[in-house]
Amino acid sequence: MSVSSPRVAVIVVAAGSGLRLGVGMPKAFVPVAGATLLEHAVHAVNGMSHRAQLVVVVPSDRLAESGTILGTIAPHALVVPGGETRQASVAEGLRAVDESVEIVLVHDAARAFTPSQQFDAVVAAVAASGEGVVPGQPVSDTIKRADAESRVTQTVDRAELVAVQTPQGFPRRLLVAAYRAATGEATDDAALVAAIGHPVRVVPGDALAFKVTTPADLARAEQLLHAGSSEPRIGLGTDTHAFGGDGELWLAGIRWPGEPGLLGHSDGDAVAHAIVDALLSAAGLGDIGSVFGTEDPRFAGAHGETFLTATRQRLDEAGWRIGNVSVQLIGTRPRFAARRAEAEAALGGALGAPVSASATTTDGLGFTGRGEGVTAVATALLLRRSTVPPA
Ligand code: CTP
Ligand code: MG
């Protein structure tokens with residue numbers, strides 16, 4: 001930053017209640033990919049090449065929580081309580097801006113993924129023009145007017161339309177004057193500046209500066225942030241059970257009449273359990289004990305299919321689909337080869353994904369060689385359910 005750079009402040013308004021999003025909490029405090037929208041928005045401000053005073057406007061009952069959230073990522077931020085409307089919230093923020101500031105940017109926390117460059121571009125345009133500046137994008141839909149009976153009355157010329165975003169930037173004195181003169185509610189800050197007779201110009205906006213307003217916007221935001229981590233993930237799982245159960249043998253999701261049962265809180269299906277651990281590990285969701293609880297009575301005596309189905313649901317909720325699973329049984333019995341296809345169909349059916357199963361012995365060595373128990377080793381590949389963020 002050169003000595004002649006203007007002093008800049010950014011007001012992030014985050015005091016709305018997020019009614020249209022409808023998650024029962026103020027929008028700025030809703031998490032996306034592990035961080036609140038407010039944090040994402042502040043990270044964008046932190047990424048500016050201009051250093052700026054940061055003023056964050058939050059709901060009055062969230063002051064303490066906001067201070068904690070901002071404590072580490074923006075320790076110098078001023079946190080002030082907002083008002084009933086966005087305009088009232090901006091007015092509160094503007095009051096907190098330092099008198100020495102020359103350029104003020106007003107930004108919606110709800111446009112949490114706005115690139116830092118957009119902030120810098122707005123500062124540069126205000127500095128160059130001395131006027132109000134809004135980022136905007138051409139409108140791609142055809143826009144029509146319709147009357148109260150839903151009859152189209154006019155097609156609007158799209159060439160002169162701009163969808164306006166934030167941050168909107170102004171010389172501080174101009175914005176203060178506009179807010180002082182405001183008589184009613186305007187839809188944005190630029191409208192108040194225009195109302196006192198000052199020009200406002202448009203600079204190119206960015207699709208990433210979309211406003212999180214509805215649940216669909218939130219889903220889009222989640223997908224956007226996960227798009228960078230859309231690589232497949234692998235996981236490894238093993239399990240061992242000893243023979244000696246009083247029941248019949250269940251292994252690889254199928255029943256083995258005439259074979260000795262395995263010991264375990266559930267049915268002892270080491271093949272299914274190894275697969276579950278591989279899947280949970282690939283998703284970073286823990287392991288079979290931490291997710292299903294080995295003491296949980298719902299899983300007492302449960303067959304492998306129960307765990308596989310429940311795991312598939314967990315993965316689905318976390319946005320994963322199963323690419324494939326490979327599993328190997330290590331043991332002298334049962335004789336696996338003859339029923340391999342049946343086992344693969346049972347396991348694959350429960351997971352909704354291809355499962356390849358194989359078996360091997362250990363040349364008579366170890367507990368598996370002595371026929372005391374079986375071990376299974378599984379690997380799993382997971383893919384993001386959708387890697388393309390919708391437009
Ligand atoms: N905002 C604010 N104070 C208000 C109302 C809105 O600071 N009284 C902020 C919001 O937090 C948001 C931005 O202004 O960052 C844009 O408003 P909007 O998208 O309408 O958010 P909400 O008002 O929270 O949502 P809704 O209208 O669905 O309730
Ligand atoms: Mg609102």
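**Salt bridges, cores and a ligand site**

Arg86, Asp108, Arg111 and Asp189 are linked in a network of salt bridges, a salt bridge being a side-chain nitrogen of Lys or Arg within 4 Å of a carboxyl oxygen of Asp or Glu. This is a predicted model, in which local features need pLDDT of at least 70 and side-chain atom pairs count only at pLDDT 80 or more, while totals for chains, interfaces and linings use all residues. Residues are numbered from 1 along each chain as its sequence is written, chains are lettered from A and ligands numbered from 1 in the order in which they are written, and side-chain values use heavy atoms, with hydrogens and water left out.

Buried stands for under 20% relative accessible area, exposed for over 50%, and partly exposed for values in between (1.4 Å probe, protein chains only).

By the salt-bridge rule the count comes to 13. One of them joins the side chains of Glu92 and Arg95, at 2.9 Å from N to O. Both residues lie in helix 3 (residues 86-96), three residues apart, about one turn of the helix. Helices (H or I, at least four residues) and strands (E, at least two) are DSSP runs, numbered from the N terminus. Glu92 is partly exposed because its relative accessible area is 29%, whereas Arg95, at 60%, is exposed. Another salt bridge joins the side chains of Glu342 and Arg339 at 2.7 Å, N to O. Glu342 has a relative accessible area of 40% and is therefore partly exposed.

Next comes a loop. Glu185 is found between helix 5 (172-181) and helix 6 (189-195), and with a relative accessible area of 55% Glu185 is exposed. Glu185 and Gln87 are 98 residues apart in sequence, yet their C-alpha atoms are 6.9 Å apart in space. Leaving aside residues up to four places away in sequence, Glu185 touches Thr85 and Gln87; contact means heavy atoms within 4.5 Å. The side chains of Glu185 and Thr85 also make a polar contact of 3.2 Å. A polar contact is a pair of N or O atoms within 3.5 Å; within protein, one must be able to donate a hydrogen and the other to accept it, and residues adjacent in sequence count only if both atoms are side-chain atoms.

The ligand site follows. Ligand 1 is surrounded by 18 residues, the closest being Gly18, Leu19, Lys27, Ser89 and Lys211, where near means having a heavy atom within 4 Å. A backbone N or O atom of Leu19 is 2.6 Å from an oxygen atom of ligand 1, and a polar side-chain atom of Lys211 also lies 2.6 Å from an oxygen atom of the ligand. The protein buries 88% of the 560 Å² that ligand 1 exposes when taken alone (Shrake-Rupley method, 1.4 Å probe; for residues, only the protein chains shown count as cover).

The largest nonpolar core has 45 residues, and Val271, Ile275, Leu279 and Phe292 have the most contacts inside it. Helix 8 (residues 270-283) gives the largest share of this core, 11 residues. A nonpolar core is a set of buried Ala, Val, Leu, Ile, Met, Phe, Trp, Tyr and Cys residues joined through side-chain atoms within 4.5 Å.

Finally, Thr375 is found in strand 17 (residues 373-384). Thr375 is buried because its relative accessible area is 12%, and a polar contact of 2.8 Å joins its side chain to that of Thr240.
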